[in-house]
Amino acid sequence: MDNKDQTPGLDRFWSLRKDEVLSRLLCNTAGLSDAEAGERLKKYGPNAIKSKKRVSAVLLFLSQFKSPITILLIAAALLSAGLQDITDAVIILVIVVISSTLSFWQEYGAANAVQELLKLVQIRCAVLRGAQKKEVPLETVVPGDIISLSAGDIIPGDSMVLESEDLFVDEAAFTGETYPVEKESCIVPANTVLAKRRNTLFMGSHVISGKATAAVVRTGKSTEFGKISEDLQIKAPETDFERGIRRFGYMLMEVTLLLVIVIFAINVYLHKPVLDSFMFSLALAVGLTPQLLPAIISVNLSAGARRMAKKRVIVKRLSSIENFGSMNVLCSDKTGTITEGKVKLKDTLDITGAHSDKVLQYAWLNASLQQGFRNPIDDAICAANTVHSGKFELQAEIPYDFIRKRLTTQVTDGSESIAITKGALNAVLDICDQAETSAGILSIKDCHEQLTKKYQELSNAGFRTLGVAYRKTDPHGKFTREDERQMTFLGFVALFDPPKAGIDKTLNDLSRLGVSLKVITGDNALVAKSLAVQVGIKEPNIITGAEMQKMTNAALVHRAPRTDIFAEVEPNQKERIIATLKKAGYVVGFMGDGINDAPALHTADVGISVDTAVDVAKEAAEIVLLSRSLGVLADGIVEGRKTFTNTMKYIFMATSANFGNMFSMAGASLIMPFLPLLPKQILLTNLLQDFPEMAIATDRVDEVNISSPQKWDLRFIRRFMIIFGLLSSVFDYLTFGVLIFFLHADEKIFQTGWFTESVISAVLIVLVVRTKLSFFKSPPGKILSIATVLVLIFVLSTPLLPVAGWLGFGRLPLAYYGWMSLIVALYLLSAELTKHWFYKRLHK
């Protein structure tokens, strides 16, 4: 729907009264009914920048025929039918349809399975429907919905604030404004620029603190965010896996085109029928093309996603599974991953280190009355204070932000008003000019050394230590950011978060998987070091945020890989750390759940969040954990590597048996008076060779493929293709020799004999190349074994079936089966020996 048509009369809704906006939206403060919301959803469409339609079965089926080679083959078959060769044309078309149907069936099931998994981590929004608050998916929000917002919520659409309570919103993506922007219910002039619309909330921004009720005016592409996205056409960056598949496709295309053109030209030169030569060349191209590769990739990735879901890991973007398995560095905060994530209050102390009830009371007033995002620290303070000062109410609030690193609340009991600040010690001391002691008030300069010493003692003991300060304020005025000065330092809040039970084993498991953990924390270096020692990192390398600021990018590239802990880190430095590690050649995962983690999640090769994270973090992540645990993450990494390994098995098959057979076929066609295989026989060969590979997603994976990160390597694939393809051709030519010189085969027997040997050797060689280990040490999975046996039975019985004549096959002499068994056995033995040599000498 056009932007201007979605909400007529509301082009400049920020300049209208609330009641006027509601009237034009045909709604009221009780919200829409479910029926009305459903009607509007049909009218305006889903609230999404990109449409997420369910996979169309018809379109997906038709897309199986979009390959230029397949289209040419169908056209040639129809031309053949026009020339009265109807039987061959029908057989070719039937084989093409069967192959495409198998591919469609696999892809369709995979795509819909993934859509079902994504529903588990849908972003939801609180709306009023018939005066009742309910949670609905973000995509179903419509113009006229009344939404309820709190800290961490993503704004679901361009909206007008109806009511607010100390509401601060991050609009950096639109305005570049670093600090959160305060929003309130008001009217602003029609010509007000976007950054100054104090009564307007924009889709894609998120709430930092406070609460609000707002009316949604625009959704989807009609929003400011939708206009920006439409202009930029932002696309998710290509993963290594996607890039590798694309380059692999180009390589096969080059080889195929060269081979097809040369073979066609030479066959015509040798005065063979032009149409037969053209059909043969096209069939050869189909044989070289791994037609099922898109389906195999989809099936493997979706099967991997389902297995990962059972391990409580939800994949939002399938192609990120490969990066997940390739990951060799994981960056994460310590809270909830290394530690229990349940912060507890150790004590509240004055500047001498003695217990202070006043510090506890003031810290509680700050934590309990603030309207922003309640973190575990606030919960711990509130839980520890059993003597509540319930007479105080919130007068004003300056929410926590990651530049000031402190939270200030102004509280009043009607007669007295106090501003209380809680936050990082240095950030609190920066706004203090005096300190309160039992002996009276001292200048902050006179007791600075004492404060620093006590802070270091607490940090060395492993306690996260915050500062608390206060100042008497005007009961009738609102305390602002500019008023944060000349405050009195009151004391310390000491907190602790114990390490998780068994975390040392989990870290060892990650290390065995080749993944090194780097902790990124805002805590000071002393606390971080104490925790590291507790979990078994005896001498951790630590860099602080302040040290990072002084380092050049080149220096950080050298230092970051050797660093275990990045302490006292600013939020914007997380992104720099991850970008630096990527530049150093690592595949980097970042695990974040906070409001400020979205940029780092986008920058990482794998953005990981948890189901309990704020909406903005979950939206930015590619992987969502249903349990905040590094153990769950390790399970997910293993499944990612299994998925990648099984996908590569199909690649190896396509580049060994297929390439070898087609190379042999091309050569044979040049030296023999007839085609070594008819076009329909080539297509049947290709179909039968692909059939067992549909079971590859369920195949066993060796420990050697799981124990270290796996990466796409086109150079390795090219080497594999040449060596194993040529090895396959050697035994194909041995088969030719047996058929011509020993059995004196005519055209039909030759084609039947080579079809039989070609398919049997191709499906059996998969059992060899699917593993780096000996075949006997790594048996195939049950389903792959069954599929292989079924193909073998079909191939051996084909010459005896009634359809043999239609396919151009004849009965083979019994002697041939003995020769074929010997050749196939020698081929498998040679492939096994070549494989060991290849991995030992060439693949380093």
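Glu 36 is partly exposed, with 32% relative accessible area (partly exposed lies between buried, under 20%, and exposed, over 50%, with a 1.4 Å probe and protein chains only). Its salt-bridge partner is Arg 40, at 2.7 Å from N to O (a salt bridge puts a side-chain nitrogen of Lys or Arg within 4 Å of a carboxyl oxygen of Asp or Glu). Arg 40 is buried, at 8% relative accessibility. Helices (H or I, at least four residues) and strands (E, at least two) are DSSP runs, numbered from the N terminus.

The model is predicted: local features need pLDDT of at least 70, side-chain atom pairs count only at pLDDT 80 or more, and totals for chains, interfaces and linings use all residues. Residues are numbered from 1 along each chain as its sequence is written, and side-chain values use heavy atoms, with hydrogens and water left out.

## Other salt bridges

The structure holds 28 salt bridges. One of them joins Glu 184 to Arg 198, with the closest N and O atoms 2.1 Å apart. Both residues lie in the loop between β5 (181–183) and β6 (200–201), so the pair ties together parts 14 residues apart in sequence. Glu 184 is partly exposed at 33%. Arg 198 is partly exposed at 38%.

Within it, Glu 20 and Arg 17 bring N and O atoms to 3.8 Å. Glu 20 has 22% relative accessibility and counts as partly exposed. Arg 17, at 46%, is also partly exposed.

Strand β17 spans residues 487–496. Of its 10 residues, 9 are buried, so the strand is largely enclosed by the rest of the structure. Strands pair if DSSP finds at least two bridges between them.

Strand β10 (344–349) runs antiparallel to β17, with 5 bridges. Here Thr 348 stands opposite Val 493. Strand β16 (464–472) is also antiparallel to β17, over 7 bridges. Arg 464 faces Leu 495 there. Strand β14 (432–437) pairs with β17 in the parallel sense, over 3 bridges. In that pairing, Ala 435 is opposite Phe 489.

## Nonpolar cores

The largest nonpolar core has 91 residues (a core is a set of buried Ala, Val, Leu, Ile, Met, Phe, Trp, Tyr and Cys residues joined through side-chain atoms within 4.5 Å). Those with the most contacts inside it include Phe 324, Ile 608 and Leu 630. Helix α24 (630–671) gives the most to this core, with 11 residues. A second, separate core has 46 residues, among them Ile 263, Ile 296, Leu 684 and Val 759.

Leu 630 touches residues including Leu 330, Ile 503, Leu 517 and Met 591 (contact means heavy atoms within 4.5 Å).

## Two positive phi angles

Most residues other than glycine have a negative phi. Arg 312 has a positive value, near 70°. Arg 312 is found in the loop between α11 (293–310) and β8 (313–315). Its relative accessibility is 42%, so Arg 312 counts as partly exposed.

Lys 405 also has a positive phi, near 60°. Its place is the loop between β11 (393–398) and β12 (406–412). Lys 405 is buried, at 17% relative accessibility.

Notes
Lists of a residue's contacts leave out its neighbours within four places in sequence.
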